[in-house]
Amino acid sequence: MQLKRPAGARVRFYLLSDNPEVAVSPAIADMVNGTDVFLEVNPQNMGAAYTRNRGIESGDGDWVLFLDDDITVPADLLETYARAAEQEPRATGFIGLVRLPAPGKPFSDAILASGSMDIFTIAEHRKDFAWGATANIMVRRSAIGNIRFSEVYPKSGGGEDVDFFLKVRAANQYENYKTLPEAEVNHPWWKNEAPDFKRPFRYGTGNALLPEQLPQHASRELPNTVETVFLALVAAIVAAVAEPGLLGPIGIFIGGVLVIECIATTVQSIKRKAKPGLMVYWYVVVLRLSHDLGLLWGNLRRGKIEGITRRFNDNGGFRKSNHFRTNTYKIVKWILYPLLIWLAGSVYTSA
């Protein structure tokens with residue numbers, strides 16, 4: 001709230017708290033004046049989507065700038081965004097740069113290697129993109145119209161930002177958001193870089209809803225590791241009744257699938273120039289599995305069996321089946337899976 005106000009611009013700050021028991025510091029309370037600084041506290045925990053929607057509806061400015069509460073910003077951030085708005089007044093919006101500190105622990109190295117936070121720095125690598133992180137992005141109000149964050153996603157966040165920005169993009173002739181790397185903010189590592197796998201699980205749970213909410217961006221792919229293990233366990237339950245001799249080969253198959261996941265993810269991490277280290281590679285594997293477990297749970301808890309193998313194209317593109325789309329990770333699997341199936345089959349036939 002101490003940011004420089006751009007000359008000739010009307011600026012309003014809306015502080016939204018989703019914690020009804022929040023203790024507002026005197027420094028903040030003194031700034032809240034009901035004129036250009038407003039504080040709104042939800043009567044109960046309503047979730048990220050509801051709270052952001054309340055913020056959108058509280059103001060009436062031509063542009064809506066989303067900033068999360070855990071970032072630090074340069075004094076001229078509003079001036080940077082205002083200049084961009086003046087130069088391109090019909091832009092759908094502008095994606096700022098969210099800078100993470102240099103990793104100090106293996107888990108943070110793993111987060112970077114996993115690619116899960118690439119959206120934070122998309123402004124450094126693309127001139128425009130289909131969506132951006134709510135930590136630092138500005139959208140034209142007339143482009144938003146009556147579109148709001150969907151409350152079908154988890155309260156704590158996961159998928160609702162992708163859903164919202166893609167829907168706004170679609171309502172504006174699918175025009176991507178411009179990237180604005182000079183609008184840079186700093187974001188700290190979560191929990192002092194301590195390992196935390198609840199966040200990717202939560203993201204996976206939310207992402208399971210995206211193909212259902214935006215089917216035009218969805219496609220079918222081969223089962224991921226978690227889905228493969230789940231289907232193998234179902235097969236094991238059936239085999240226990242119908243053909244107990246299959247239990248051994250199925251057990252070998254499940255173990256092999258997990259080993260192949262470790263190999264494929266490690267090879268991909270090395271290609272992405274992850275910081276060498278067994279703990280880094282291990283964390284990358286567990287981060288992927290945590291997300292995919294959330295993806296599976298997000299489908300199973302809603303009874304959406306058909307959601308298994310359904311994937312979402314989060315770069316905003318449209319695609320059909322991608323069973324045979326390859327990358328380093330998949331190539332390793334294409335090589336090792338036939339060997340695993342041969343091994344499991346050999347065990348069964350020799351029993």
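Predicted model: local features only at pLDDT ≥ 70, side-chain atom pairs only at ≥ 80, totals over all residues.
**Close-up 1. Helix α11 passes helix α12 in a right-handed crossing.**

**Close-up 2. Residues of α11 meet residues of α12.** On the α11 side, the contact is formed by Glu261, Cys262, Thr265, Thr266, Gln268, Ser269 and Ile270. On the α12 side, their counterparts are Tyr281, Trp282, Val284, Val285, Arg288 and Leu289. Sorted by class, the residues of this contact comprise seven nonpolar, four polar and two charged.

**Close-up 3. Helix α8 also crosses α12.** Helix α8 spans residues 198-207, and its axis comes within 6 Å of the axis of α12. The axes of α8 and α12 cross at roughly 35°, and this crossing is right-handed. From α8, the residues in contact are Pro200, Phe201, Tyr203, Gly204, Thr205 and Asn207. From α12, they are Leu287, Ser290, His291, Leu293, Gly294, Leu295, Trp297 and Gly298. The contact of α8 with α12 has seven nonpolar and seven polar residues, and no charged residues.

**Close-up 4. Strands β1 and β2 run parallel.** Strand β1 covers residues 13-17 and strand β2 covers residues 37-41, with five bridges joining them. Which residue in β2 is the bridge partner of Leu16? The partner is Glu40. Between β1 and β2, the chain passes through helix α1 (residues 26-31), and this β-α-β crossover is right-handed. Strands of a sheet pair through backbone hydrogen bonds, in either a parallel or an antiparallel manner.

**Close-up 5. Five strands form an open sheet with mixed pairing.** The order of the strands in this sheet is β3-β6-β4-β7-β5. Which strands lie at the edges? The edge strands are β3 (63-67) and β5 (128-129), each of which pairs on one side only.

**Close-up 6. Edge strand β5 is joined to strand β7 by two bridges.** Strand β7 comprises residues 177-186, and β5 and β7 run antiparallel. Phe129 has Tyr177 in β7 as its bridge partner.

Key. Residues numbered from 1 in each chain as written. Heavy atoms only, no water. Pairing = 2+ DSSP bridges. Helix = DSSP H or I, 4+ residues; strand = E, 2+ residues; numbered from the N terminus. Right-handed = clockwise from strand over helix to strand, strands pointing away. Left-handed = near helix turned anticlockwise from the far one by under 90°. Contact = heavy atoms within 4.5 Å. Nonpolar A, V, L, I, M, F, W, Y, C, P; charged D, E, K, R; others polar. Axes fitted to C-alpha atoms, helices over the stretch in contact; angles between N-to-C directions.
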